[in-house]
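Student: I would like to learn how to read the place where two parts of a protein chain meet. Could you take me through one case, step by step?

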Amino acid sequence: MGRLVSTEGLTEEQVEILKLVRQFVEKEIIPVATDLEHKDEYPTEIVEGLKELGIFGLMIPEEYGGLGESLLTYALVVEEIARGWMSVSGVINTHFIVAYMLIQHGTEEQKQKYLPKMATGEVRGAFSMSEPSLGSDVSAISTKATKLDDGSYEISGQKMWLTNGGSSTLVAVLVKTDEGDDSVYKNMTTFLVEKEPGFGETAQGVTVPGKIEKMGYKGIDTTEMILEKHKISADQILGGTPGKGFYQMMDGVEVGRVNVGARAVGIANRAFELGIAYAQQRETFGKPIAQHQAILFRLAEMATKVEAAHTMVVRAARLKDSGKRMDVEAGMAKMLASEYCNEVVEASFRIHGGYGYSKEYEIERLYREAAFMLIGEGTSDIQKMIIGRNLLKDYKL
Ligand SMILES: Cc1cc2nc3c(=O)[nH]c(=O)nc-3n(C[C@H](O)[C@H](O)[C@H](O)COP(=O)(O)OP(=O)(O)OC[C@H]3O[C@@H](n4cnc5c(N)ncnc54)[C@H](O)[C@@H]3O)c2cc1C
């Protein structure tokens with residue numbers, strides 16, 4: 001354990017949870033991560049281990065069977081897991097967002113129905129906003145729920161890029177419902193769609209065609225989802241009232257941004273560790289490359305970026321835990337951590353010379369993982385839009 005990414009002021013319980021997770025990552029994840037990733041194999045044993053550790057219920061309140069931990073604990077756990085293998089953090093992220101949305105916006109009945117089973121990992125969550133023709137511009141959603149005479153709804157449309165689309169059993173899906181409001185944002189509703197895990201027709205009118213082949217972030221399933229006249233009860237509307245879906249999803253995405261920031265810190269930290277180790281082993285011109293000042297300076301810059309990103313992520317998480325607004329801070333943390341992650345990974349890749357290009361070296365995997373940090377939960381351009389617009393409000397002349 002080096003000195004990077006330590007956090008002041010943690011409770012004994014937080015320290016204990018992090019210690020257990022770190023041990024799990026060292027023993028169960030790092031030794032198998034690169035192999036599983038290259039085989040694009042689902043990390044079943046690792047997921048079972050996470051269930052035993054209680055990670056699926058980390059932030060679910062104790063009254064619903066979870067550990068009732070804070071967003072800060074969650075973010076620090078994600079840093080540790082992503083340091084081992086980013087795909088594993090992806091397994092829990094959409095689950096966590098759906099659980100968070102249920103805690104914040106669900107009816108008591110919905111909480112009772114889903115949260116205890118989510119805490120054990122028996123019910124696994126995915127969330128779905130994106131469609132083939134949109135990601136950043138959520139207002140362009142075209143998947144539609146039509147109200148039927150019996151009060152239920154019928155959903156039709158195509159969704160894209162569902163992380164855990166195959167393995168999940170509960171998908172929070174954002175669709176259009178025409179409730180007659182002038183604002184497009186108030187005519188959107190989140191439905192809780194239940195389905196079987198796997199591919200093909202996984203519920204009436206719900207087809208998950210198969211895994212999308214990706215550049216990295218392998219092992220975990222990312223899918224499309226086609227809804228064809230999927231009949232669903234009005235009880236499955238998150239919070240019970242239509243028209244609130246956009247705001248519920250944006251709340252979920254806000255904590256999701258802290259999560260992606262934390263993942264980026266985990267990847268960057270690992271890339272730094274690999275780089276500083278390699279720099280002391282590899283010799284050129286009669287000495288370890290770490291003793292060439294250009295490499296030493298590169299290491300210093302990498303470590304500084306890891307620390308800065310970690311600090312921003314911790315600050316955003318602590319703000320949220322204290323009940324304060326944190327859209328700007330979450331956007332800043334996500335943008336800075338993901339951009340720095342790419343820079344640190346690139347620097348470590350360069351330190352590895354030709355070997356960094358070999359699939360035998362972990363940095364090759366991190367290089368492909370880092371790229372996704374720039375996209376997930378909104379690109380840097382979108383974070384800049386959120387940050388900039390809010391700053392204009394705060395600093396209005
Ligand atoms: C592996 C993976 C997993 C994912 N998992 C999920 C998931 O679980 N659920 C889900 O709903 N989605 C998921 N997504 C989708 C992801 O959220 C979107 O890909 C992302 O938000 C970007 O949207 P887009 O791909 O449509 O890009 P676009 O919105 O088409 O953007 C294209 C480019 O234009 C830029 N741009 C767009 N608008 C503006 C603007 N106004 N100003 C300046 N620049 C702009 C963007 O920054 C980007 O560079 C996933 C994506 C991937 C790759």
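Tutor: Let us begin with polar contacts, meaning pairs of N or O atoms within 3.5 Å, where within protein one must be able to donate a hydrogen and the other to accept it, and where residues adjacent in sequence count only if both atoms are side-chain atoms. Across the interface of domain 1 and domain 2, the rule finds 16 residue pairs in polar contact, with both residues at pLDDT 80 or more. This is a predicted model, in which local features need pLDDT of at least 70, side-chain atom pairs count only at pLDDT 80 or more, and totals for chains, interfaces and linings use all residues. Residues are numbered from 1 along each chain as its sequence is written, and side-chain values use heavy atoms, with hydrogens and water left out.

Student: How is the size of an interface given?

Tutor: The size is often given as the accessible area lost when the parts come together. Buried area is the accessible area (1.4 Å probe) that two parts lose on being put together, summed over both. Between domain 1 and domain 2 about 1,900 Å² is buried, and carbon and sulfur atoms give 60% of this area. Asp40, Thr94 and Tyr114 supply 28% of the area that domain 1 buries against domain 2, more than any other three residues.

Student: How many salt bridges does the rule find across the interface of domain 1 and domain 2?

Tutor: Side chains of opposite charge can pair when their charged atoms come close. The rule asks for a side-chain nitrogen of Lys or Arg within 4 Å of a carboxyl oxygen of Asp or Glu, and across this interface it finds two salt bridges. Lys113 and Glu194 also meet in a salt bridge through their side chains, at 3.1 Å from N to O.

Student: Which parts of the chain does the salt bridge of Arg22 and Glu80 link?

Tutor: The closest N and O atoms of Arg22 and Glu80 are 2.8 Å apart, and the pair links distant parts of the chain, with Arg22 in helix α1 (residues 12-39) and Glu80 in helix α3 (residues 71-84), 58 residues apart. The structure holds 22 salt bridges.

Technical notes:
Helices (H or I, at least four residues) and strands (E, at least two) are DSSP runs, numbered from the N terminus.
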